Amino acid sequence: MLSLKDKIVFVTGASSGIGRATAEAFAGLGARILMCARRADRLEALARKLESEHRAATHYFRLDVRDRAAVDRAVAGLPPEWRPIEVLVNNAGLSRGLDKLPGGLVEDWEEMIDTNIKGLLYVTRAVLAGMLERGRGHVINIGSVAGREVYPAGNVYCASKFAVRALTRGLRLDLNGTPIRVSEVAPGMVETEFSLVRFHGDAERAGRVYQGLTPLGPDDIADAVVWCATRPAHVNVSDVVIWPTAQASTTLTNRG
Ligand code: NDP
Ligand code: 8X3
C-alpha cells in the first residue's frame with residue numbers, strides 16, 4: 001500500500017457529501033488536505049475538524065471551478081508548500097433538473113456542462129502542469145453510473161458524466177509514458193445534497209429519491225477513492241463502479 005502521509009491531496013467540492021468524506025478519509029491517512037468549493041464557511045469548519053480530529057495540515061480556498069481564470073489564479077497562487085499536489089480528486093459537480101430534453105432549462109444544461117465537464121478540465125489542466133514537472137501524481141475523477149447508462153430525463157447530466165468517463169480514458173492515453181495515474185470512481189445513488197441541488201432546494205422531492213432503500217453513503221465512495229490512491233505506484237485502477245445493493249441499474253431499484 002502506498003503511503004500518503006504528508007502528501008498533498010486536493011479535493012474539489014469538499015464542502016459537502018462525497019468531497020467532504022473524501023477529504024476526511026485522506027486526513028485519516030495523514031495526508032495534507034487542500035480543499036476548494038464556493039461555500040468557504042463550510043470549508044473553514046471542515047478544516048478545523050480535520051485539524052482537531054486528525055491533526056491534519058489543511059489549506060482551503062473559495063473557488064467556482066467554472067471560472068477558468070480563477071482556477072488558474074488559485075492554483076498558480078498556492079503557497080509554495082501547498083504546490084506539490086500528489087492526488088487530485090475532481091469531485092465538484094452537480095445535476096440540475098430532471099426534465100425531458102424538450103422541456104429542459106438551458107440554464108440547467110449550462111450549469112452542468114460548465115461545472116462537470118469544463119470545470120473538471122480547467123482544474124485538471126492547472127494541476128497537471130506541476131504533476132508533469134515533478135513526474136508524479138494521480139488524478140481521480142468522480143464520474144457516475146449516469147456516465148454508463150442513460151436514464152429517462154437524465155439527458156444532459158448523463159452526457160456530462162459520459163464526458164467525464166471519456167476524459168478520464170483520454171487523459172490516461174495522453175499520459176501514458178509518464179508515471180501519472182488516472183482513475184474514475186463512478187457511484188450509483190449516494191445520499192448527499194445531490195438531489196436537493198438537482199431539485200433546486202425541494203427537500204421533499206429530494207427525500208423521495210432515497211425512500212424505501214438503503215443508498216450509498218459518502219464514506220462508501222471515499223473508501224474507493226482512497227483505495228485507488230493507495231495502490232502501489234505500478235498499479236493504475238482505471239475505474240470503480242459502485243451501486244447500492246438495492247440498485248441494479250439506473251432504472252431498476254428495489255424499494256422493498
Ligand atoms: P453534494 O451536492 O453534496 O456536493 C457537491 C459538491 O460540489 C459541493 O461541495 C459543492 O460545493 C461542489 N460544487 C458544485 N458546483 C461547484 C462549483 N461550480 N465550483 C466548486 N465547487 C462546486 O453532492 P455529491 O457529494 O453527491 O456530489 C459530488 C460528486 O459526485 C458530483 O460530481 C456528482 O455528480 C457525483 N455523483 C453523485 C452521486 C450521488 O448520487 N450523490 C452519484 C454519482 C456521482 P459548493 O456548493 O460549496 O461550491
Ligand atoms: C448520480 C447518480 O443515478 O442520480 O450521478 O444519476 S444518478
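**Two helix pairs in close-up**

**View 1. Helix H1 passes helix H2 in a right-handed crossing.** In this predicted model, helix H1 spans residues 17-28 and helix H2 spans residues 40-54, and their axes come within 10 Å and cross at roughly 25 degrees. Because angles under 35 degrees count as roughly parallel, H1 is described as roughly parallel to H2.

**View 2. Residues from both helices make the contact of H1 with H2.** On the side of H1, the contact is made by Arg-20, Ala-23, Glu-24, Ala-27 and Gly-28, while H2 contributes Leu-46, Lys-49, Leu-50, Glu-53 and His-54. Sorted by kind, the residues of this contact between H1 and H2 comprise four nonpolar, two polar and four charged.

**View 3. Helix H3 packs with helix H4 at an angle of about 30 degrees.** Helix H3 covers residues 68-76 and helix H4 covers residues 106-134, and the axes of the two helices lie 9 Å apart. H3 and H4 are therefore roughly parallel to each other, and the crossing that they form is right-handed.

**View 4. Residues of H3 meet residues of H4.** From H3, the residues Arg-68, Val-71, Asp-72 and Val-75 take part, and they meet Tyr-122, Val-123, Arg-125, Ala-126 and Val-127 in H4. The residues of the contact of H3 with H4 fall into six nonpolar and three charged, with no polar residue among them.

Technical notes
Residues numbered from 1 in each chain as written. Chains lettered and ligands numbered in written order. Predicted model: local features only at pLDDT ≥ 70, side-chain atom pairs only at ≥ 80, totals over all residues. Heavy atoms only, no water. Axes fitted to C-alpha atoms, helices over the stretch in contact; angles between N-to-C directions. Helix = DSSP H or I, 4+ residues; strand = E, 2+ residues; numbered from the N terminus. Parallel < 35°, antiparallel > 145°, perpendicular 65-115°, else oblique. Left-handed = near helix turned anticlockwise from the far one by under 90°. Contact = heavy atoms within 4.5 Å. Nonpolar A, V, L, I, M, F, W, Y, C, P; charged D, E, K, R; others polar.
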